[in-house]
Amino acid sequence: MSKKTIHKLLVANRGEISIRIFRAATELKIRTVAVFTHEDRYSLHRYKADESYQIGAENEPLKPYLDIEEIISLAKRVGADAIHPGYGFLSENVGFAKRCEKEGIIFVGPKSDVMEQLGDKIAAKKIARKAKVPVIEGAEINTDDVSEIKSFARKIGFPVMLKAAAGGGGRGMRVVREEASLERNFLEAKGEAAKAFNDDTIFIEKFIDSPKHIEVQILADQHGNIVHLYERDCSVQRRFQKVIEVAPCQNLSQSTKDKLYEYALSITKSVNYSNAGTVEFLVDKNENIFFIEVNPRIQVEHTITEEITGIDIVRSQIQIARGHRLSDPQIHLKSQQEVPCKGFAIQCRITTEDPQNNFTPDYGTIIARRMANGYGIRIDAGSIYTGFKVSPFFDSMLIKVSAKGRTLKGTCRRMIRALSEFRIRGVKTNIKFLENVINSEAFQEGNVTVNFIGEVITCIRDKDKKIISGDPEKIKKIYDTWVFSRDMRSNNPNWQLIDTLT
């Protein structure tokens, strides 16, 4: 396969991921192009590129980022050889990849036929079964007949999970524990999926209680070579949105990890996958593994994999799109044995959410800010400067902060130090909440599951280690104290958070 030339790269995205891609491209001496809507006209990503162009009308804050034809037209007009979709928006849109291929524009990601097979959660399960990878039983909902949906839910057994087939990020997802609430949740999930992905297809599957959410990062070239970059533990979630991620996972046996790597490689090899991708699994308390989906794109949390491996995943994506082999000097991964894994890394997502108001996204003008820094700390930020107006139209994430260390507990201490350095005034943030999650014993021991945040106070004990139960209002008060104070244990000596899900 001959090498392809990329002189100019357009990033069909916004915020911190656009800036991350611009930086990788600049290192490769590729000219960069940003797109922005009128709402985003003061966002930093437009100033970090060599060229930037507004898309959409002034009264369209979000929709233009999903306008395939306008983005393709702009790319052709400015002479962009390639488009990187980032994550979210059009990153998993098969139609977008096909249009790029049709117009002779390099799509920095897998081929459209591969995305068709793996990008759709339902199709991906069929691939997984052929590859002899264990899956959660489920099916696409091809009817609006509630009686049929209820019949299938009874067949696989409650609780069940409803998911949007066309995307992720927690949108269009609902856990239904009883038949009486199935219809309402189905209609809500369907409407949310249509709004987020322009596709209201929903599928239903058996819900696994209290698992770990583990994902395996893979990197593959266009010549059949593929490696994994180990795993990330993404169990700290709220409403199916990841909050804190850790790489690698502390409390899984090596035999289970090896199975995860084997399954991830088996699925992706079976479809001749190329570029970066993530294979996601649930692992229950007995370390049974269940395949969830393949994300055919860069992940928000790719940063921590880069930190433990030293491999620049975004730069590698561009080099793979150019036609380079993993073993070429431009990427320099000759074999799986050459992929290092050193220490631990943690990523926290600092958002403009108000924990004291049910984590409602906040917006307004940033009137002051101080960023963290120092040894072992990495900052990936979008628009975070004094005077910037946080918009209600976009995702609430402001900053991704990553910490690296030799041990998980040492990395936790470094992250807590970094979080304590931040000062953001003018909008509410979740910083203190993040501090307390990382301060918890369960997190530092690697014992959290996907229910950690929701059930963080289900098991509390006093100084004599006696289980305390009773008044829900009293428990709520203790929970609020833990969530919003910097150090629950020092401020409340009569109480100690021991476990979360035991």
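## Helix α13, tucked inside

Seven of the nine residues of α13 are buried, so this helix is largely enclosed by the rest of the structure. Buried here means under 20% relative accessible area, with exposed over 50% and partly exposed in between, using a 1.4 Å probe and protein chains only. The buried ones are Ile431, Phe433, Leu434, Glu435, Asn436, Val437 and Ile438. Helices (H or I, at least four residues) and strands (E, at least two) are DSSP runs, numbered from the N terminus.

A word on the model: it is predicted, local features need pLDDT of at least 70, side-chain atom pairs count only at pLDDT 80 or more, and totals for chains, interfaces and linings use all residues. Residues are numbered from 1 along each chain as its sequence is written, and side-chain values use heavy atoms, with hydrogens and water left out.

## How α12 meets α13

Helix α12 (residues 408-421) packs on helix α13 (residues 431-439) at an angle of about 165°, their axes being 10 Å apart. Axes are lines fitted to C-alpha atoms, for helices over the stretch in contact, and angles run from 0 to 180 degrees between N-to-C directions.

On the α12 side the contact uses Cys412, Met415, Ile416, Leu419 and Ser420, and on the α13 side Ile431, Leu434, Glu435, Ile438 and Asn439. Contact means heavy atoms within 4.5 Å. By class, that comes to seven nonpolar, two polar and one charged residues, where Ala, Val, Leu, Ile, Met, Phe, Trp, Tyr, Cys and Pro count as nonpolar, Asp, Glu, Lys and Arg as charged, and the others, Gly among them, as polar. An α-helix has 3.6 residues a turn, so residues three or four places apart point the same way.

Elsewhere, four strands make an open sheet in the order β6-β9-β7-β8, with antiparallel pairing. Two strands pair if DSSP finds at least two bridges between them. The edges are β6 (138-141) and β8 (174-176), each pairing on one side only, and the twist averages 25° from one strand to the next. Strand β7 (residues 160-164) pairs with β8 in the antiparallel sense over three bridges, and Leu162 stands opposite Arg174 in β8.

Helix α6 (residues 121-130) lies across β6, β7 and β9 (202-206), at about 45° to β9. Helix α8 (residues 182-197) lies across β6, β7, β8 and β9, running at about 20° to β7. Helix α8 also packs with α7 (residues 146-156), at about 105° and with axes 10 Å apart, which makes α7 roughly perpendicular to α8. There, Val146, Ile149, Lys150 and Ala153 of α7 meet Leu182, Glu183 and Phe186 of α8; the tally is five nonpolar, no polar and two charged.

## Ala247 and the chain overall

Ala247 lies in strand β12 (residues 241-247) and is buried, with a relative accessible area of 0%. Leaving aside neighbours within four places in sequence, Ala247 is in contact with Glu231, Arg232, Ile304, Ile308, Gly343, Phe344 and Ala345. The C-alpha atoms of Ala247 and Glu215, 32 residues apart along the chain, are separated by 9.7 Å.

Zooming out, the chain has 16 helices and 23 strands, and 56% of its 502 residues count as buried. Among contacts between residues at least 6 apart in sequence, 66% join residues at least 24 apart.

Notes. Angles under 35 degrees count as roughly parallel, over 145 as roughly antiparallel, 65 to 115 as roughly perpendicular and the rest as oblique.
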